Amino acid sequence: MAAKSVFEIFKKEKQSVSISSGKVASIVFRLAFDDAGAYIEVQNDKGKSVEADYQQYSGPTRTILKSIQAIQQRSDYIVDWENPSDKTYLHEHEFLIEPLLQSKLWVTQDGTVIEALEAANSLKLSLTPSADGKSLASEVLLWMNNEVHTQFQFINEDHIFVNGGVVETAPIGSNFRTLPYFNTLVAPGDLTKFLSIFFSFTRNIELVYEDYNVVFSKEAIPTSPVLLFDKLDIDEALHMRVSQVLPGIDAGLLSDYELSAYTAINELEQLIEVKPIEQESNDMAIQAIEKMLQKHTAKQGKKKGGAEILLEDNLFIIPREIAAEFIYTDLPNLLSSYKILGAEKLKAYKITTVRPKLNLKLSHGIDFLEGDANLSFGNEQFSLFDALQQYNKNKYILLSDGTHAIVNESYMQKLQRLFTKKKNKVNVSFFDLPLVEELIDEKVAADSFKKSREVFEGFNTLGKGKGKTKLPKVNATLRPYQEQGYHWLQYLHSVKLGGCLADDMGLGKTLQTITLLASIYPKESTPTLIVMPKSLLFNWEKELKKFAPQLTSYTYYANNRVLEEAMEHNIILTTYAMVRNDIEKLKEETFYYAILDESQNIKNMAAQTSKAVMLLQCKHRLALSGTPIENNLGELYSLFRFLNPSMFGSIDNFNQYYLTPIQKNNDKDITADLRKKIYPFILRRLKKDVLKELPDKIEQTLYVEMSDAQKKLYEQRRQYYQEAIQQQIAMKGIQNTQFFVFQALSELRQLASTPEGLSNGTIPSPKIELLIEQVLDAVANKHKVLVFVNFLNALELIGEKLEEQGVEYVSMSGSTKNRQQLVERFQADSSCKVFLLTLKTGGTGLNLTAADMVFIFDPWWNKAAENQAIDRSHRFGQDKTVLTYKLITQGTIEEKILLLQEQKAEIFNSIISSDSASLKAISEDDIQFMLGV
């Protein structure tokens with residue numbers, strides 16, 4: 001609807017007369033904004049403010065004027081400096097918005113009538129790297145009808161003025177007027193503070209920041225007490241404050257901004273967790289400190305006539321003598337429960353905060369270094385473990401001159417994490433070398449760590465100079481990032497270290513692995529064992545034959561598996577279930593490589609499968625996974641316990657030094673250390689990172705094996721229809737048998753994809769199992785997914801499985817009415833990850849560019865219709881590479897349809913029309929081709 005001038009409405013309603021003539025005056029309600037918010041002014045048609053008598057009007061206009069008069073009468077008795085009485089602010093009188101819209105007299109500054117906008121919308125806080133790359137640009141955006149708006153104003157907490165109209169949105173809270181302050185630049189180091197303030201001030205605004213997931217936790221985070229030493233004044237009295245802090249939050253910020261939410265940023269898992277703040281009582285801490293000080297005051301009073309302590313709010317001003325007693329007697333005991341800030345102000349009390357120097361003399365072991373270590377405090381030296389023991393007991397190191405050395409807590413924890421004691425020697429893991437080098441003098445490190453350093457430096461020269469290895473023969477042209485992946489795998493192989501290839505879905509982890517194997521075989525005689533979920537067995541068979549047919553392979557699965565025969569092949573393919581069941585036999589064999597595909601299957605260390613995998617004997621280890629960490633850091637420990645068993649030590653050590661500080665305390669230093677430690681051994685490239693090297697659309701086929709029960713039922717019905725159709729054709733002819741043929745083919749397609757519907761739910765679908773695995777992997781990697789199906793029962797079954805997994809989705813079939821609303825939700829709502837569609841509803845007319853991954857659940861007769869579905873995502877406005885997966889059940893009519901698509905396009909186009917509804921010309925040979933074995 002085009003915006004109307006207010007004067008057109010005046011003319012229509014015949015309200016253009018003046019008060020002085022005794023007739024009703026022309027008025028408008030003009031929307032205006034100031035620092036206090038949105039307000040309305042009653043004006044005449046010349047833009048002058050007027051006082052209009054509500055009794056002369058009717059309808060919404062009368063209601064509005066009467067309310068304004070009542071508001072102004074009440075405000076005459078109230079002095080409000082923030083909201084002057086001559087302005088009617090809409091955030092204070094929200095009830096006016098509806099009659100204003102109904103009146104058709106609510107206008108903008110240029111006289112355009114303000115309309116109510118009916119549109120799907122959401123508010124988002126976007127964080128993107130600034131132009132200089134040194135900060136993050138923060139901006140509050142309004143998403144409306146799949147468009148992003150940056151120019152809008154809040155009328156109140158749930159109404160926004162945009163594009164000359166008013167749209168209603170989810171309430172964001174009473175602090176809506178502060179939102180413009182969040183359009184700013186944020187230093188990365190201040191992100192925790194910034195987001196804690198943001199989530200304390202607002203609600204119902206989605207955060208969009210790189211690939212981070214945002215989780216709102218019910219588990220509150222308690223504040224910690226802090227002693228802040230401000231200064232020594234002219235009388236040498238100590239000024240000390242007692243306050244509360246949170247990790248990464250400055251002292252005072254809690255009270256200054258009245259924070260109610262704390263934002264923990266986990267960079268390793270790319271997780272932002274918003275927690276409610278449990279504010280500890282500062283009064284109790286103040287009382288406890290005051291009690292300690294009074295004890296020393298009484299003692300000093302007996303000696304010197306008394307010295308007085310001043311307390312103002314949370315500030316203690318403590319005379320020198322009492323401060324000295326408190327610092328030497330009480331402060332050491334408080335260090336375990338209080339954080340200390342400003343300790344450098346205590347030099348007058350022989351308190352030092354200098355960082356000690358770490359000295360090492362180490363030699364090489366197999367996967368560790370050992371020797372001697374000490375800490376130097378100026379001219380004094382302590383053995384490392386003596387210093388750690390003293391620190392753990394007192395929280396400081398006592399020097400020979402009586403000085404108390406208060407050492408940075410995280411520094412001492414780092415030393416304790418990195419160094420262990422064995423037979424009076426210091427022991428350091430090879431994997432911690434990069435972290436140790438950060439703590440010591442570089443020249444010393446050059447002598448001690450030369451051999452180990454060369455291993456880590458080798459990662460910097462992959463594919464260059466000596467690090468460049470010749471690609472083996474495979475039937476594929478590797479893309480540049482895949483070549484780099486091969487060189488990384490080859491280097492890990494050469495230095496006998498395990499690693500995890502964690503590329504995003506669709507980037508060719510299988511091909512890169514096969515390329516590695518092609519460089520090893522057939523020269524190597526010891527076989528490689530590749531373990532995977534059952535659903536991937538056939539895909540590995542096909543990929544090996546396609547890319548490296550020179551390699552021999554054996555599928556160790558089902559009842560006809562023979563280990564002795566398997567060991568005669570280069571590659572043995574098996575499942576996690578087979579390893580678990582046959583581990584007593586498998587553990588007696590030695591494999592050249594043990595490779596785990598979808599390695600998240602061993603994320604639970606206590607599971608029998610994980611325990612079985614750890615018993616495999618092999619020279620080299622490799623893991624493949626698009627989601628190396630799905631839920632918590634414990635999964636990371638389980639993964640590296642397989643890849644490099646000595647990397648983290650015991651699970652108790654891992655929990656103490658990594659998991660608890662990171663997941664419970666949001667310790668950024670330890671998170672950074674863990675990233676550095678695992679970085680060389682996990683290679684992860686996201687699709688968006690290699691976008692320029694990829695074609696705009698990638699298609700891949702995933703094969704599914706039928707279960708025994710499904711196979712039996714399918715074969716029964718195939719044989720029945722093969723014979724029945726022959727009889728029908730013999731009796732009626734091919735033209736009069738078309739409907740029966742169509743019915744037969746449809747039933748076999750359903751049996752191949754969703755046998756539940758034709759078996760009263762007794763035979764579950766392996767294809768749905770594979771689809772859900774793939775979708776969960778995609779969702780975990782921040783992709784949005786389209787799933788196209790042919791049959792309604794498949795739509796319902798897949799939806800049920802997604803609900804069980806807690807995946808938010810929308811679904812569309814022929815009976816769906818609110819289609820545009822579903823599309824808009826999928827496009828704009830980042831929490832909605834999956835769109836399920838049937839061919840008839842999803843094939844044309846929809847714009848679903850938020851998705852970058854498409855699953856064709858069952859193949860379609862018409863290739864053009866299949867491409868139309870894919871193009872719902874791959875179309876103008878799509879800025880991501882689209883991955884398409886076709887799910888095909890092995891040994892069924894689906895394979896025949898695929899062959900028709902690939903090999904017999906001319907036959908394919910003549911079998912069934914584009915809407916999949918009717919048969920066209922079809923021959924007996926075509927039918928036998930599809931129904932034959």
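Some ground rules. Residues are numbered from 1 along each chain as its sequence is written, and side-chain values use heavy atoms, without hydrogens and water. Since the model is predicted, local features need pLDDT of at least 70 and side-chain atom pairs count only at pLDDT 80 or more, while totals for chains, interfaces and linings use all residues. Helices (H or I, at least four residues) and strands (E, at least two) are DSSP runs, numbered from the N terminus. Strands pair if DSSP finds at least two bridges between them.

I begin with the helices. H13 covers residues 480-494 and H14 covers residues 509-520; they pack at an angle of about 50 degrees, with axes 9 Å apart. Axes here are lines fitted to C-alpha atoms, for helices over the stretch in contact, and angles run from 0 to 180 degrees between N-to-C directions. That angle makes H13 oblique to H14; under 35 degrees counts as roughly parallel, over 145 as roughly antiparallel, 65 to 115 as roughly perpendicular, and the rest as oblique.

Which residues of H13 meet H14? They are Tyr481, Gln482, Gly485, Tyr486, Leu489, Gln490 and His493. Their counterparts in H14 include Leu511, Leu516 and Ile520. Contact means heavy atoms within 4.5 Å. By class, the contact of H13 with H14 has 6 nonpolar, 8 polar and no charged residues. For the classes, Ala, Val, Leu, Ile, Met, Phe, Trp, Tyr, Cys and Pro are nonpolar, Asp, Glu, Lys and Arg are charged, and the others, Gly among them, are polar.

Next, the sheets. E1, residues 27-34, pairs with E4 in the parallel sense over 2 bridges. There, Phe29 stands opposite Trp106 in E4.

Another open sheet has 3 strands, ordered E23-E28-E27, again with mixed pairing. Its edge strands are E23 (351-352) and E27 (397-398); each has a single partner strand, so one side of each is left without a neighbour in the sheet. E27 and E28 (residues 404-405) pair in the antiparallel sense over 2 bridges, and Leu398 stands opposite His404 in E28.

Last, a hairpin. Strands E25 (residues 368-377) and E26 (residues 380-383) run antiparallel, joined by 4 bridges. Ser376 has Gln381 in E26 as its bridge partner. The hairpin leaves 2 residues between the strands, and Gly378 in the turn has a positive phi of about 65 degrees.
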